[in-house]
Amino acid sequence: MKVAVLGYGTVGVGVYEMLQAAEGFEAGPVLVRPGKEDKPFKVSSIDAITGDKSVDAVAEVMGGVEPAFTYALASIRAGKHFVTSNKALVAAKGVELFKAAREAGVAFLFSAACGGGVPFLHNLARARETDSLLSVGGILNGTTNYMLDRMQGEGMDYAEALKEAQKLGYAEADPTADVTGLDALRKIMLACAVAWGTLPQEGLLNEGIDSLTAADVEDFLSRGWTCRLIAGGSLADDDSVAAYVEPVLLSRGEAECAVLRNNNLARYVGQNSGLIAMIGQGAGRYPTASAVLRDLSGIRQGECAMFPPKVSNGAANNSRESHVYYVRLPKEAAGSLPLQEVLAEDDDLVRALTEKISVKQMHEAVAALRTEGNSVFFAAVREA
Ligand SMILES: NC(=O)c1ccc[n+]([C@@H]2O[C@H](COP(=O)([O-])OP(=O)(O)OC[C@H]3O[C@@H](n4cnc5c(N)ncnc54)[C@H](OP(=O)(O)O)[C@@H]3O)[C@@H](O)[C@H]2O)c1
């Protein structure tokens, strides 16, 4: 199988090298920006790839929605199998790409877009064929897990932990998508679509770790809790899908507490299988490239889709799942939330537990408080 590669950055170099080494594969042309064709295998026009009859498949590892979407459609319509590591592309345009691939009779796979090297989506797609999947999710962002690990294990403050994550190449120069939970949200959107055929586009909620302070960490550690940023998706009896990301406080001993540094833990619960969890590298050149190659290998064995045949865009319903939340907020704002227990207070701040309230109600209440200029941290408390 001859594979062209779109993008020659962190993941692209890994994919190219692995294609050269893997038996049964041939590394094809690589798309770079105009002016960067410093080697014979590099091209700067997508036409050089779509018009090349010897290319069987295209691996897109450029990132972003455009021009990746235009190039993806051109590749698919030219009869090339299409694989991608690009969660932004699949979260925004996955249904359109799936339909185009079906029409063209080619494969469309995207394991590397959720869980990096962890074979999560691939296993979800398999499991859904023979089991009813009840929930999906887990720790899907390695950057924030690394930061949480350093803040809780080493007593670092947020800024120090972020600086270290950037120095090690775990966080981008602009870390917004990671620390706000948007990156994990895109991944849970894909997992929901693979599990239940709904790619939620509206009603999604993401809370990250960007309002977490060293004082918050000190407080919840002293109460026996460990914090992880967790993405969750679930299916209700009415077939509506919940999809959200938020910090969660766990009792020590829960599986997620053992996930250290920049690892991921992807999990699903099947009606028959029960809980299945997979731990591994969610990012990095070779772990991510290995997932791209796994998809290509799957295509050689006849795998052609991750989404179920009737996948469609839809809306998330985050009103039906409820949690008790730990919250830190200014004293004068405390009356805005339904609190059941004050854990600590001083002249300015209150730390408290809310009554059990819906995910939607909590995220919206905090968004309103922030609009009024209040600094708030919250995390769901997982019942043991
Ligand atoms: N890095 C990871 O560990 C990881 C893990 C899982 C998924 N992913 C996903 O994989 C994708 C790539 O990530 P990455 O970390 O490899 O990014 P990266 O290092 O920034 O590489 C992207 C490459 O694509 C090139 N590119 C961008 N737009 C282009 C265009 N229009 N034409 C030609 N080349 C273009 C960039 O060139 P310039 O440098 O000239 O802009 C760069 O070389 C993203 O969707 C990311 O979310 C990454």
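Let's start with how helices H3 and H4 lie against each other: they are roughly parallel, a label for angles under 35 degrees, with over 145 counting as roughly antiparallel, 65 to 115 as roughly perpendicular and the rest as oblique. H3 covers residues 68-77 and H4 covers residues 87-104, and their axes come within 9 Å and cross at roughly 15°. Axes here are lines fitted to C-alpha atoms, for helices over the stretch in contact, and angles run from 0 to 180 degrees between N-to-C directions. Helices (H or I, at least four residues) and strands (E, at least two) are DSSP runs, numbered from the N terminus.

A word on the source: this is a predicted model, where local features need pLDDT of at least 70, side-chain atom pairs count only at pLDDT 80 or more, and totals for chains, interfaces and linings use all residues. Residues are numbered from 1 along each chain as its sequence is written.

Who meets whom between these two helices? From H3 come Ala-68, Phe-69, Ala-72, Leu-73, Ile-76 and Arg-77, and from H4 come Leu-89, Lys-93, Leu-97, Ala-100, Ala-101 and Ala-104; contact means C-beta atoms, placed from the backbone, within 7 Å. The contact of H3 with H4 has 10 nonpolar, no polar and 2 charged residues. For those classes, Ala, Val, Leu, Ile, Met, Phe, Trp, Tyr, Cys and Pro count as nonpolar, Asp, Glu, Lys and Arg as charged, and the others, Gly among them, as polar.

Please look next at the loop between strand E4 (57-60) and H3, where Pro-67 sits. A cis peptide bond joins Glu-66 and Pro-67, with omega about 10°. Most peptide bonds are trans, and most residues other than glycine have a negative phi.

Now the ligand: 21 residues surround the ligand, and the closest are Gly-7, Gly-9, Gly-63, Asn-86 and Ala-283. Being near means having a C-beta atom, placed from the backbone, within 6 Å. Which helix gives the most to this shell? That is H1 (residues 10-21), with 3 residues. By class, the shell around the ligand has 9 nonpolar, 10 polar and 2 charged residues.

Finally, the whole chain. The protein chain has 12 helices and 19 strands, and its C-alpha atoms fill a box of roughly 70 × 45 × 35 Å along the principal axes. Thanks, everyone!
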